[in-house]
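Reader: I would like a close look at one part of this model. Please take it step by step, and keep it brisk.

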Amino acid sequence: MRKTILLASGLLFSVSTQAQILDVIKSTVKDKTGIDLNAPVKTGTSTTTTTPTKSTTTSPVNLGSLTSTQISSGLKEALNMGVSEGVKKLGVTDGFFKNEAVKILMPEKLRKIDTSLRAMGLGSLADQGVKLLNRAAEDAVTEATPIFANAITSMTITDAKNILLGTDNAATNYLQGRTQSQLFTAFQPKVKASLGKVGADTLWKGLITKYNTLTGQSVTTDLNEYVTTETINGVFKMVAQKESGIRNTPAMRTTSILQKVFGAQDGK
């Protein structure tokens with residue numbers, strides 16, 4: 001019994017001593033830091049404030065110094081140069097035939113004729129037929145400059161700035177989309193005359209007749225329509241090349257208006 005009383009007394013003393021020590025610690029902390037450890041702890045969601053960062057944006061291309069008239073004039077000049085140089089390159093012997101980018105191939109509807117002729121040992125005749133299609137285009141395209149120039153002159157560019165800041169051939173695509181049908185109507189008679197001039201119409205009539213006789217089929221095609229379309233597309237490809245060059249190569253901007261207009265889009 002005596003041992004139990006002594007043990008209990010020891011525990012009470014220990015607890016009392018620990019409480020005193022804790023009180024001393026709390027008092028010291030409050031004196032040194034001002035923090036009261038006896039105060040109840042507040043719980044809740046803490047909020048933090050962040051300083052907003054300034055977003056950086058790329059400055060738009062500065063076209064403010066250019067008028068719509070200047071932009072339109074620059075685009076039209078680029079197109080006219082493309083047409084003039086394109087026609088000059090295409091309107092010579094082999095201008096189409098030896099330029100893989102624009103060479104006129106056998107019409108799709110007649111490619112089985114090409115295969116059959118070659119199978120019968122008449123490959124040279126098929127080659128001659130393709131060559132004459134290109135000769136007709138080379139002859140007809142020399143008459144194209146005024147037609148294309150008129151189409152460019154009468155073109156109204158209401159969205160000139162968008163075209164200027166568009167793709168490398170945005171102006172060419174714009175022109176082609178709005179003048180293709182008119183150009184086709186104006187150009188088709190010239191192609192028809194050229195087909196007759198170089199003898200392409202006679203040769204192809206003979207080729208088709210021979211094929212139909214040998215195979216018992218009845219293949220027909222409108223060569224005039226086909227060559228007209230391919231010739232116009234060939235010129236537009238050359239115009240697109242020139243436009244891309246002017247846009248991307250400052251040395252090709254040989255006039256002040258080209259330098260001013262296309263210089264403004266260099267940073268787009």
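What is the handedness of the crossing of α2 and α10?

Author: The crossing of α2 and α10 is left-handed. Bear in mind that this is a predicted model. Two packed helices are described by the angle between their axes and the distance between the axes. For α2 and helix α10 (residues 256-263), the angle is about 115 degrees. Their axes lie 9 Å apart. On the α2 side, the residues that meet α10 are Gln-70, Ile-71, Ser-73, Gly-74, Leu-75, Glu-77, Ala-78 and Met-81. On the α10 side, their partners are Ile-257, Leu-258, Lys-260, Val-261 and Phe-262.

Helix α4 itself runs over residues 123-140, 18 residues in total. From first C-alpha to last, α4 reaches 26 Å, close to the 26 Å expected at 1.5 Å a residue. Its buried residues are Gly-123, Ala-126, Gly-129, Val-130, Leu-132, Leu-133, Asn-134, Ala-136, Ala-137, Glu-138 and Ala-140.

Take Val-130 from that list. Val-130 has a relative accessible area of 11%, so it counts as buried. Leaving out residues up to four places away in sequence, Val-130 touches Phe-97, Lys-103, Ile-104, Met-106 and Trp-204. Phe-97 is 33 residues away from Val-130 in sequence. In space, the two are 8.5 Å apart, C-alpha to C-alpha.

Helix α9 (residues 223-248) has the highest mean pLDDT among the elements of the chain, 95. Glu-243 lies in this helix. Its relative accessibility is 2%, so Glu-243 is buried. The side chain of Glu-243 makes a polar contact of 2.6 Å with the side chain of Thr-172. Beyond its neighbours within four places in sequence, Glu-243 is in contact with Thr-167, Asp-168, Asn-169, Ala-170, Ala-171 and Thr-172.

Finally, confidence. The chain has a mean pLDDT of 80, and 76% of its residues reach 70 or more. Helix α1 (residues 2-33) has the lowest mean pLDDT among the elements, 45. Over residues 1-22 the pLDDT stays under 50, and the model has zero contacts there beyond four places in sequence. Where pLDDT is low, the predicted coordinates should not be read in detail.

Methods
Residues numbered from 1 in each chain as written. Heavy atoms only, no water. pLDDT = per-residue confidence, 0-100. Helix = DSSP H or I, 4+ residues; strand = E, 2+ residues; numbered from the N terminus. Contact = heavy atoms within 4.5 Å. Buried < 20%, exposed > 50% of the residue type's maximum accessible area, 1.4 Å probe, protein only. Polar contact = N/O pair within 3.5 Å; in protein donor to acceptor, adjacent residues only side chain to side chain. Expected span 1.5 Å × (residues − 1). Axes fitted to C-alpha atoms, helices over the stretch in contact; angles between N-to-C directions. Left-handed = near helix turned anticlockwise from the far one by under 90°.
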